[in-house]
Amino acid sequence: MSDSSDSPVSRRKFLKTVSQGAAAVATAGVAGGAMHAAATKPAADAGKKNNKVQYGMLIDLRRCIGCQACTVACKAEADVPMGVSRSWVEYVEKGRYPNAGRSFLPRLCNHCSEPHCVRVCPTGATYERPQDGLIVIDQGVCIGCLYCAHACPYDMRFLNPVTRFADKCDMCIHRVSKGLVPSCVNTCQGRARIFGDVNDPNSEIHKLIARNPVSVIRETYGTQPNVYYIGLDTTDENTKKPGQYVRVTTNKANSPKRT
Amino acid sequence: MEQHLMWNWPMIVYLFLAGLGAGALAVSGIVVLWGPAGEFRHRAALIARLGAFIGPLPVIIGTGLLIYELGRPFRALNLFTSNFWFLALNPSPMNWGSWFILLFCVFATVYALTFIPWRTLLGGERGERLEARSERWRAPMATICVPLAIAMAIYTAILLAAVPARPLWHTPVLWLLFTVSAISTGLSAIILVQRFMFRKPGAVRGAVRREDPAFRVTEYYLVSMKVLLIIAELVVIGLFFMFAHMTINSANFAVQTLLPGGEMATTFWVGVILVGLLMPAFIEGFYLLRTAVLGHEFEWPYVINVSAPIAILFGGLMLRYVIVVGGQITGPIGI
Ligand code: SF4
Ligand code: SF4
């Protein structure tokens, strides 16, 4: 982890504020260009602070074949212990034979712009990295209280049984800070996953978000997720219509049900 | 339970014990500040003393349990020290809570010290001096402890209610439920201990004797208060369900786990409602009515006498169990 316990959040926060202030001044200086960029912002991005790097992911569900290669890559890359998952692919089965279908929903931490996990963390161990907007856990500070795990509306967090700290997808910060893409993106067979800076108008992910009907999951929680989906099917066992057949298999080690 | 529970027994017991301690301390402080005088003076002093002695203990035990469960005792200090100014400006409910616990433990302990019978314990001039000092400090300490205790009781609910992603917890009624339950369990603990103390007929403790008419009268009012608290708790539980029922979203779905047919239904209806509320309400209500209507002595068999407060304590624990576990096995609906 690049930010270890010797750099307290207060300083990070301070640096972040300063850098944002500087960026705001810079933006004001080139107001014309910035306005153009803002005008082409996709609707899903509205209301975000656009002048900073914000890494995110776009998952094109039309290209996902549910092969779980990303699940395995994540397990290996992050050395995730048995019994818990950082990343998984849910299977959603719907309808009755012969009119039945199955869709896939890869899940990972959304690296939200308004993360509930950060708000509730009582030690400041969970924080937003100012340089790329990723939400990470400082293992030198975390006490393992799991308050963050309850606060996350996406059920992303768990107690790592080996370290006894909170754990979740960190978007492979060790890779992305060296210019590589996260392991799941690297391994994806159908190239369903696109990684990049959603605020950079020249990035592939920015263009794809702008041009496609994207959606995020559990948007009503106001967390402003940075993982976008194309072709998202929001069917859930809890919201199925009378007589409808729906079965959701999470394929997640520690919770067979979506919560 | 197929679901993996992230907060389990240590948290459940902690919430219960924190509520119990806060309730006992609040009752004690209220009796010190606004308690009766005259012939009830000694009786009130005894209740205040028991409450003061009970107050800090469960909170300290419960907190110890939580810290032990974290596995790294000294890491828990990160709650205070990791990023002091950042956390002071962006406190999480757990930060509030840890400050409350700290202040509670300090003030409740000082408050309890003012109740130690220094004169009989030490004797001599030192005893006299400490006794005089205790007298002087008791009321100011009670003034600090009552709001602190109530804040503590409310915080145990806010801790849970602050997370929108747990619909069963995220309700504006939870703080009322936990606060009423805290005061009711705190009062029950006091009543239970003093029933142990006055078990034998003719028992005398200090200036309080079991055969005094004042003893029965106070007992009568204490039990009435307890029954009123039980009724209040039932009303709040009604509000809890009504809120969930009127909300057309995840809260409505989550509360199904408590309703008949749900996963937690048996524990809730038997443990919390039947054993924890209705049974003591009926037992105590019966003896209350017998005295109020028929003019009988307010006197009842010992076994029944202690079983009612024990049932209330059990119900308080079960309430925390049902809420903590029920909140974790339900979640937002839809994706
Ligand atoms: S998905 Fe959950 S864990 Fe990830 S940033 Fe959002 S709230 Fe936090
Ligand atoms: S488990 Fe760690 S990261 Fe999560 S809220 Fe507690 S201290 Fe913060």
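**Entry 1, largest pocket.** I looked up the largest pocket in this predicted model and found a volume of about 660 Å³. A pocket here is an open set of points on a 1 Å grid over the protein atoms alone, where a 1.4 Å probe fits, with protein on both sides within 12 Å along at least five of seven lines; lining residues have an atom within 4 Å of a point. The volume is the space filled by probe spheres set on the points, which are joined across faces, edges and corners. I list 34 lining residues, with A:I143, A:C145, B:L66, B:I67 and B:L70 closest to the centre. Helix 6 (93-113) of chain B gives the most to this lining, six residues. Helices are DSSP runs of H or I with at least four residues, strands are runs of E with at least two, and both are numbered from the N terminus. By class I note 25 nonpolar, seven polar and two charged residues. Ala, Val, Leu, Ile, Met, Phe, Trp, Tyr, Cys and Pro count as nonpolar, Asp, Glu, Lys and Arg as charged, and the others, Gly among them, as polar.

I number residues from 1 along each chain as its sequence is written, and I letter chains from A and number ligands from 1 in the order in which they are written. Local features need pLDDT of at least 70, side-chain atom pairs count only at pLDDT 80 or more, totals for chains, interfaces and linings use all residues, and side-chain values use heavy atoms, with hydrogens and water left out.

Of its 25 lining residues, B:R41, B:H42, B:A45, B:L46 and B:R49 lie nearest the centre. Helix 2 of chain B has the largest share, seven residues. The lining holds 14 nonpolar, four polar and seven charged residues.

I count 13 residues around ligand 2, the nearest being A:C121, A:T126, A:C142, A:C145 and A:C148; a residue is near if one of its heavy atoms lies within 4 Å. The shell has 10 nonpolar, three polar and no charged residues.

I see a cis peptide bond between A:Y97 and A:P98, with omega about 5 degrees. A:P98 is in the loop between strand 2 (88-96) and strand 3 (99-107). A:H111, not a glycine, has a positive phi of about 45 degrees. A:H111 is buried at 0% relative accessibility, buried being under 20% relative accessible area with a 1.4 Å probe and protein chains only. A:C172, also not a glycine, has a positive phi of about 50 degrees and is buried at 12%.

How values were computed: Buried < 20%, exposed > 50% of the residue type's maximum accessible area, 1.4 Å probe, protein only.
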